[in-house]
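Biologist: I am new to this structure and would like to go through it step by step. Could we take the aromatic side chains, a hairpin and a pocket in turn?

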Amino acid sequence: MPYPTPPAESPVCQLLERQAADYRGWWWVAPPHDAWLASGQGVAVSADLALRQAWQAAGRAAHSPSAAAPAVDAGAPVGAVLFWPKSHALGEWWLLWLCATLPEGTPLQLVGENQGGIKRVLKVLAALGLGCRKLDSARRCSLFETRLGRVGIDPEAAWTSFEVELGSEHLTLASHPGVFGHGKLDDGTRLLIETLAGEGRTSGDVLGDVLDMGCGDGILAAWLARRGARVTAVDVNAFAVEATRRSLAANGLAGEALPGETLESDVYSALGERTFDAIVSNPPFHQERAIDYGPAARLIEQAPAHLTPGGQLVIVANAFLPYPDRLECAFGGFEVLADDRRFRVYRAIKR
């Protein structure tokens with residue numbers, strides 16, 4: 001399902017628009033969902049499948065960073081604009097990737113909200129040996145300009161791994177900036193796994209064909225696959241999909257041990273009419289710094305169509321999030337399996 005109609009113009013894009021610059025032939029790197037961008041010129045480069053699908057549905061070019069490099073062979077972009085992300089480590093990765101991907105001397109503009117740390121790019125660029133000048137500031141946003149150069153740091157170095165202890169069990173997880181829970185196990189996900197492991201009535205049921213929705217670094221997919229589940233893992237973020245693949249391989253769970261797939265998917269968009277015995281998830285509710293219940297709402301509302309009769313949806317969420325009403329509407333009922341005051345684990349069964 002393509003991303004809905006882009007929201008009204010964001011402050012960072014208002015700042016870009018007032019430059020009266022010709023951005024034809026430029027790359028928009030890690031751009032926001034924005035009406036001005038969606039109706040303009042340029043090519044989107046984003047790890048966000050939903051954004052790429054929206055651009056492609058409008059007849060615009062959009063690429064994943066893993067597929068963008070070959071596009072340079074057909075003609076490098078005139079320049080690039082990097083929208084500085086919430087994760088500074090991810091912003092630094094994008095800089096390294098651009099330096100390794102595009103020709104030296106390619107103009108690069110960096111834009112972001114002041115409260116989001118855009119001014120930090122001055123130190124980052126200086127550390128990489130790249131000059132920088134400020135072009136403009138307005139709407140509590142800043143715009144800087146530099147030119148790309150070879151910095152001698154491989155973007156692959158951003159990939160790391162860490163160990164997670166779950167009782168007597170250990171898992172090795174791959175991690176990349178921008179992937180949920182980067183470098184650590186999220187407390188909500190830990191509660192979900194402990195609940196599945198401790199509830200005999202639940203742990204025996206979350207087997208068969210299981211969908212891990214929003215797989216992140218692959219912790220749920222790996223934990224379930226180790227117990228014999230046939231896991232299909234999906235995420236809208238290309239970095240998360242690759243992290244899950246690496247995590248499964250690191251734990252010897254690739255190939256025959258995991259008959260399912262690891263796919264990029266905007267909620268259920270890549271799954272067609274496939275059904276599962278269980279869907280498990282720690283659904284996101286942020287789009288950068290903004291709260292966005294849309295993906296979680298679609299996860300819940302469309303879950304019955306992707307469950308076999310008697311199949312169950314098991315999710316963990318912050319206790320304050322308004323999911324009970326959606327679960328009641330979609331399933332006609334639900335139960336709370338765990339509640340530690342910060343997080344709740346919900347289960348709903350398709351009757």
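Biologist: Over which ring does the charged end of Arg246 sit?

Modeller: This is a predicted model, and what follows is computed from it. A charge counts as sitting over a ring only if it is within 6 Å of the ring centre and within 35 degrees of the ring normal. The charged end of Arg246 lies 4.1 Å from the centre of the ring in question, which belongs to Trp159.

Biologist: How are the rings of Trp93 and Trp97 arranged, stacked or edge-to-face?

Modeller: The count of aromatic pairs comes to 11. For Trp93 and Trp97 the ring centres are 6.1 Å apart and the planes stand at 20 degrees, and since planes under 30 degrees apart count as stacked, this pair is stacked.

Biologist: About how far along the helix are Trp93 and Trp97 separated?

Modeller: Trp93 and Trp97 are both buried, and both belong to helix H5, which covers residues 88-101. Because they are 4 residues apart in that helix, the separation is about one helical turn.

Biologist: Which residue in the hairpin of S8 and S9 takes a positive phi?

Modeller: Strand S8 (residues 160-166) and strand S9 (residues 169-175) pair in the antiparallel sense over 7 bridges, and Leu166 stands opposite Glu169 in S9. The hairpin has 2 residues between its strands, and the positive phi, near 65 degrees, is taken by Gly167.

Biologist: Which helix gives the largest share of the lining of the second largest pocket?

Modeller: The second largest pocket has a volume of about 330 Å³. Of the 16 residues that line the pocket, the closest to its centre are Ser66, Trp93, Trp159, Phe239 and Glu242. Helix H4 (65-68), H5 and H10 each supply at least two lining residues, while the largest share, 6 residues, comes from H10.

Biologist: How many charged residues does the lining of the second largest pocket have?

Modeller: By class, the lining of this pocket has 8 nonpolar and 3 polar residues, and the number of charged residues is 5.

How values were computed
Residues are numbered from 1 along each chain as its sequence is written. This is a predicted model: local features need pLDDT of at least 70, side-chain atom pairs count only at pLDDT 80 or more; totals for chains, interfaces and linings use all residues. Side-chain values use heavy atoms; hydrogens and water are left out. Rings of Phe, Tyr and Trp (its six-membered ring) pair if their centres lie within 6.5 Å; planes under 30 degrees apart count as stacked, over 60 as edge-to-face and the rest as tilted. Buried means under 20% relative accessible area, exposed over 50%, partly exposed in between (1.4 Å probe, protein chains only). Two strands pair if DSSP finds at least two bridges between them. On a 1 Å grid over the protein atoms alone, a cavity is a set of points where a 1.4 Å probe fits but cannot get out, and a pocket is an open set with protein on both sides within 12 Å along at least five of seven lines; lining residues have an atom within 4 Å of a point. Grid points are joined across faces, edges and corners, and a volume is the space filled by probe spheres set on the points. Ala, Val, Leu, Ile, Met, Phe, Trp, Tyr, Cys and Pro count as nonpolar, Asp, Glu, Lys and Arg as charged, and the others, Gly among them, as polar.
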